[in-house]
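Have a look at the structure first, then read on.

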Amino acid sequence: VFRIELFYTLVIMLGSITFGHVMAYYSPAEKGISHDLNLSKSQKTIFNCLAPVGAIFGGAFMNIFTNRFGRKIPLFITAIISLISWVLIGISKVHFYWVSFIGRCISGISIGCFSQICPMFITELAPDELRGAFGAMNQLGITIGACLTYFWGIFFEWRIIAFISLIPSFILIIFIWFVIESPSFLQQINEYENISSNQPKEKLFQRKFIKPIFISFLLMFFQQFSGVNALLSNLERIFQDSGRSDCQ
C-alpha cells in the first residue's frame, strides 16, 4: 500500500476533503452567518442550496475539459476556483452580503468539478490489485472533510471556518504538480493520434451502452435523492430540533 500511488491519491484527496467542507459548511455556519449578514430565512435557504445547484453545472462541463486537457490542469484550476470561493465567503459583510452568495455558488461549481475529477483520477492512478481500496479513498476524503468542518464549528465562527477550509485547496494547488498525468488520458491521446481522421468515432448513445448508462443514472439518482446532502448541511439544526439542548 505504501507506494508512490498512495502519495498521488492523498494529494487528489484534498479535492475530496474540500467537497466535504462545502457540503457540511452551512451546518455550523448557519447561526453566525445569518446574524452577521442579516439574512432572512429564505436567503439562508438560497445560500445553502447554491452549492448543490452549482455542482450540477460544474460536473456537467468538467468532462469536456478532462477529455481535452487531462486531469492535472483541470484539477489545478478547480482548486484555484475553490480557494477563491472560500475567500469570497470569508470577506463578505452585511453591506455586500451577496458576495457570500457568489462564493457559495462558485464553491458548488468547484465541488461539481472535484466530484468528476477526483474519483476518476484516483482510480486511473491506482495499482490494479489495489484499485478498490484506493477508489474508496475519495469517499473517505469527503467524510473527513465533513467531520472536520463539524469539529471546527465547535471552536470557530463561520468566517474562520471558511478561511480554514481553503487550506486543502491551497495545498492541492502546490502539490498537484508532483502528481503524474493519468496513464488513461495519455493512452487516449496516443490512440487519437494513431487513428485516421477519416475513421468514424464511436458514439456514446448506442444500444450496447444503454444498460450501463441507465444503471449509472439510477446510482446517481438514488444517491443524491436519498437526502444525504440535506443531512450533511443541516446536521446541527436537525439535532437541535430533535430536542438535544446541548448542541451548539
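## Around the end of H1

Ser34 counts as buried because its relative accessibility is 15%, where buried means under 20% relative accessible area, exposed over 50% and partly exposed in between (1.4 Å probe, protein chains only). A word on the ground rules: this is a predicted model, so local features need pLDDT of at least 70 and side-chain atom pairs count only at pLDDT 80 or more, while totals for chains, interfaces and linings use all residues. Residues are numbered from 1 along each chain as its sequence is written, and side-chain values use heavy atoms, with hydrogens and water left out.

Ser34 sits in helix H1; helices here are DSSP runs (H or I, at least four residues), numbered from the N terminus. Leaving aside neighbours within four places in sequence, Ser34 is in contact (heavy atoms within 4.5 Å) with Ala29, Leu39 and Lys44.

Ile33 also has its place in H1, which covers residues 4-36. Ile33 is buried, at a relative accessible area of 0%. With neighbours within four places set aside again, Ile33 touches Asn38, Leu39, Phe47 and Trp158.

## Helix H7

Six of the eight residues of H7 (residues 158-165) are buried, so the helix is largely enclosed by the rest of the structure. What does the covering?

## Aromatic pairs

Rings of Phe, Tyr and Trp (its six-membered ring) pair if their centres lie within 6.5 Å; planes under 30 degrees apart are stacked, over 60 edge-to-face and the rest tilted. By this rule there are ten aromatic pairs. Here are two of them:

| Pair | Centre to centre | Between planes | Type |
|---|---|---|---|
| Phe76 and Trp177 | 4.9 Å | 55 degrees | tilted |
| Phe175 and Phe178 | 5.7 Å | 40 degrees | tilted |

Trp177 is partly exposed, at 47% relative accessibility. Phe175 is partly exposed too, with a relative accessible area of 33%, whereas Phe178 counts as exposed at 53%.

Elsewhere, Tyr26, Phe47, Tyr97 and Phe101 form one aromatic cluster. Phe47 is also among the contacts of Ile33.

Definitions and conventions
Helix = DSSP H or I, 4+ residues; strand = E, 2+ residues; numbered from the N terminus.
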